[in-house]
2 protein chains.
Amino acid sequence: MKAVVPFKVVNAKSRLATLLTVEERARLARLMLDDIIGVLRQCGLNVVLLATAPFTYDAEVVVSDKDLNSALNELLKAEVEPVMIVMADVPLITPDNVRDILKSPSDLVIAPGRGGGTNIQYIKDPQRYHVDYYGASFLDHLRIAEDNGLTVEVFDSFNASSDIDEAQDLVELYIHGRGRAAEYLRSIAALDISKGRVRVVKD
Amino acid sequence: MKAVVPFKVVNAKSRLATLLTVEERARLARLMLDDIIGVLRQCGLNVVLLATAPFTYDAEVVVSDKDLNSALNELLKAEVEPVMIVMADVPLITPDNVRDILKSPSDLVIAPGRGGGTNIQYIKDPQRYHVDYYGASFLDHLRIAEDNGLTVEVFDSFNASSDIDEAQDLVELYIHGRGRAAEYLRSIAALDISKGRVRVVKD
């Protein structure tokens with residue numbers, strides 16, 4: 001079964017620029033991708049990288065210059081088997097998370113991200129579904145599922161919900177991460193617990 | 001079995017002041033408390049409210065003017081049976097979440113909050129544990145468990161991890177909430193998806 005992971009090749013994770021240099025962002029994005037793909041492969045999934053530009057990686061790479069929704073929906077249209085779509089910035093997911101998702105009897109399993117986002121979708125019949133990322137995509141996806149008569153399981157996971165998008169999100173990776181991305185982050189930054197919310201800071 | 005819920009009676013949820021009036025904050029805090037206590041009772045737990053000031057509520061109320069850690073640790077010291085500590089700002093938790101926590105064979109079950117926090121702890125033997133909230137309390141709690149030779153389960157739940165502390169956290173309650181707190185929030189505020197991250201705004 002395919003797991004599709006969209007990946008922005010150029011200037012990935014630009015909203016981390018408040019803390020990290022462009023090289024650090026690129027390295028962190030790449031290590032998160034490696035960690036996630038490692039987990040998906042451990043669960044027997046065939047990873048397809050949906051890249052925004054040509055990219056050399058040890059996986060099937062599909063390059064598309066379309067926007068995320070168009071590129072994904074084109075891909076779904078060509079599929080008859082179940083597909084899992086996993087964002088490239090959820091480095092806390094574990095093999096157990098993926099296996100739990102795969103076990104669901106529902107037509108659609110959706111793992112919410114923070115702030116109304118969608119981090120993982122497991123789509124049993126891609127012919128009866130399309131994606132609509134951006135904005136409060138979680139609500140949009142529920143609506144699309146309902147319009148198509150699909151049963152839905154909301155996957156309740158802190159790991160899957162933790163997308164690393166802005167500097168404040170790095171705290172989750174720093175504290176809870178077990179993979180190479182977390183190891184790298186801990187090597188270039190530190191935790192600041194001096195005032196109010198815990199933050200990741202550069203030395 | 002006891003579930004202890006600490007509750008700040010005066011000026012609760014002050015960090016929501018950027019969006020809500022003091023009356024709205026008080027009402028929302030009270031409804032979140034009601035929702036959470038309803039869930040705990042559905043699971044057969046005896047709720048003890050640990051209040052910062054005298055407070056009339058249909059539950060056992062313990063009033064303490066000590067800081068959160070001292071008040072909780074005093075309470076734990078007097079307990080020989082398992083205790084669950086649940087923060088009063090995690091309104092997304094469900095009876096299934098609580099039952100899953102209760103099923104754990106580990107000595108300590110800990111549900112992380114965002115930003116290194118701790119939202120729920122289930123402590124099998126209160127005599128062998130103490131709490132240390134504030135800062136990166138999740139890491140502190142893991143260390144205390146280790147120092148006391150306790151086995152730990154990290155409870156991986158988006159619901160349990162979503163503490164409503166700052167205005168941006170309200171998005172989770174608005175979108176995912178099923179209880180009365182969410183209903184109230186949706187009656188006084190709206191979702192703004194016009195730019196970047198989704199936000200809750202006042203009309």
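## Polar contacts across the interface

Eleven residue pairs are in polar contact between chain B and chain A, with both residues at pLDDT 80 or more. The model is predicted.

What is the make-up of the side of chain B that touches chain A, in nonpolar, polar and charged residues? Ten are nonpolar, ten are polar and nine are charged.

## Extent and main contributors

In contact are 29 residues of chain B and 29 residues of chain A. The area buried between the two chains is about 2300 Å². Carbon and sulfur atoms give 54% of that area. In chain B, the most area is lost to chain A by Asp156(B), Phe158(B) and Arg197(B). Together these residues account for 29% of what the chain B side buries.

Three elements of chain B give two or more residues to the side that touches chain A: helix H4 (137-147), helix H5 (158-161) and helix H6 (170-176). Of these, H6(B) gives the most, with four residues.

## A buried strand in chain A

Strand E2 of chain A spans residues 46-51. Five of its six residues are buried, so E2(A) is largely enclosed by the rest of the structure.

Strand E1 of chain A (residues 2-7) runs parallel to E2(A). Six bridges join the two strands. Within this pairing, Leu49(A) in E2(A) stands opposite Val5(A).

Conventions: Residues numbered from 1 in each chain as written. Chains lettered and ligands numbered in written order. Predicted model: local features only at pLDDT ≥ 70, side-chain atom pairs only at ≥ 80, totals over all residues. Heavy atoms only, no water. Contact = heavy atoms within 4.5 Å. Buried area = accessible area lost by both parts, 1.4 Å probe. Polar contact = N/O pair within 3.5 Å; in protein donor to acceptor, adjacent residues only side chain to side chain. Nonpolar A, V, L, I, M, F, W, Y, C, P; charged D, E, K, R; others polar. Buried < 20%, exposed > 50% of the residue type's maximum accessible area, 1.4 Å probe, protein only. Pairing = 2+ DSSP bridges.
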